[in-house]
Amino acid sequence: MNLVNLGKMPFSFHAGWDELVVSQHPIIKTFLLLVLPCSLLPPLVLLYASIEPGSVLRLNSVAARWDEIALVFFVAELLTVPLMGWLIRACAAERKIAASFRDTFLLAAIIAVPMCLSSLGLLLPDLGSMLGLGVVGLMVAASLLYHGMYVVLKLDEEFEAQALAYQVFGVGALVWALLSAYILLQLHA
């Protein structure tokens with residue numbers, strides 16, 4: 001998988017997805033090369049934004065312990081990807097669709113990428129832009145989930161991918177909202 005294909009994946013059932021399905025990446029390789037680096041980005045951005053003089057985080061909560069918050073966020077992210085992989089697999093099994101954990105873990109890892117990149121919004125100077133970039137990340141993740149479900153689970157109907165994506169996205173959006181709320185609550189602590 002390369003960055004050019006990653007940019008096409010939210011808009012296509014085949015661009016990037018076909019070569020991804022053919023490759024047999026072990027879970028540990030996906031974890032070390034995709035999940036871990038992506039999971040490091042939000043806590044590092046959070047720590048940087050907390051000391052940047054013009055940052056919304058710095059201006060609104062000087063006394064917050066951002067190092068502890070970043071650590072909690074990092075651990076939560078590392079746990080979220082395998083849990084989402086498990087959830088995708090469980091939802092597929094509920095519909096009598098066979099899926100390996102390796103495939104669903106890979107899908108969960110790819111879906112996490114735009115969410116991790118949206119953390120760069122913490123570097124923006126106002127809360128509206130910060131939240132807007134978070135919403136864009138959520139929308140791209142939803143599109144990746146929908147297109148990825150169809151290909152990774154080898155579905156015959158786009159509607160089936162849509163139904164599964166809605167089910168999984170509901171839980172994923174809730175987890176994302178809780179993590180985001182955790183950060184936003186620190187602004188008013």
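Accessible areas here come from the Shrake-Rupley method with a 1.4 Å probe. By this method, the protein chain of the predicted model has an accessible surface of about 9800 Å². Carbon and sulfur atoms hold 71% of that surface. The chain has 189 residues, and 46% of them are buried.

The secondary structure consists of eight helices and zero strands. Along the sequence the pattern reads α-α-α-α-α-α-α-α. Among contacts with a separation of 6 or more, 68% link residues 24 or more positions apart.

Helix H7 covers residues 127-152, 26 residues in total. The expected span of a helix is 1.5 Å times one less than its number of residues. Just after H7, Lys154 adopts a positive phi of about 55 degrees.

Leu145 lies in helix H7. Its relative accessibility is 3%, so Leu145 counts as buried, the cut-off being under 20%. Neighbours within four places in sequence were set aside in listing its contacts. The remaining partners of Leu145 are Ile88, Leu107, Ile111, Ala165, Val168 and Phe169. A further pairing concerns Leu145 and Met9, which are separated by 136 residues in sequence. In space, their C-alpha atoms are 9.7 Å apart.

Charged pairs were examined next. The search of the whole structure returned one salt bridge. It joins the side chains of Arg102 and Asp103, with an N to O distance of 2.6 Å. The limit for such a pair is 4 Å. Both partners, Arg102 and Asp103, are buried.

Cysteines complete the account. The structure contains zero disulfides. Cys38 takes part in no disulfide, and the nearest cysteine sulfur, that of Cys116, is 4.9 Å away.

Methods
Residues are numbered from 1 along each chain as its sequence is written. This is a predicted model: local features need pLDDT of at least 70, side-chain atom pairs count only at pLDDT 80 or more; totals for chains, interfaces and linings use all residues. Side-chain values use heavy atoms; hydrogens and water are left out. A disulfide is a pair of cysteine sulfur atoms within 2.5 Å. Buried means under 20% relative accessible area, exposed over 50%, partly exposed in between (1.4 Å probe, protein chains only). Helices (H or I, at least four residues) and strands (E, at least two) are DSSP runs, numbered from the N terminus. Contact means heavy atoms within 4.5 Å.
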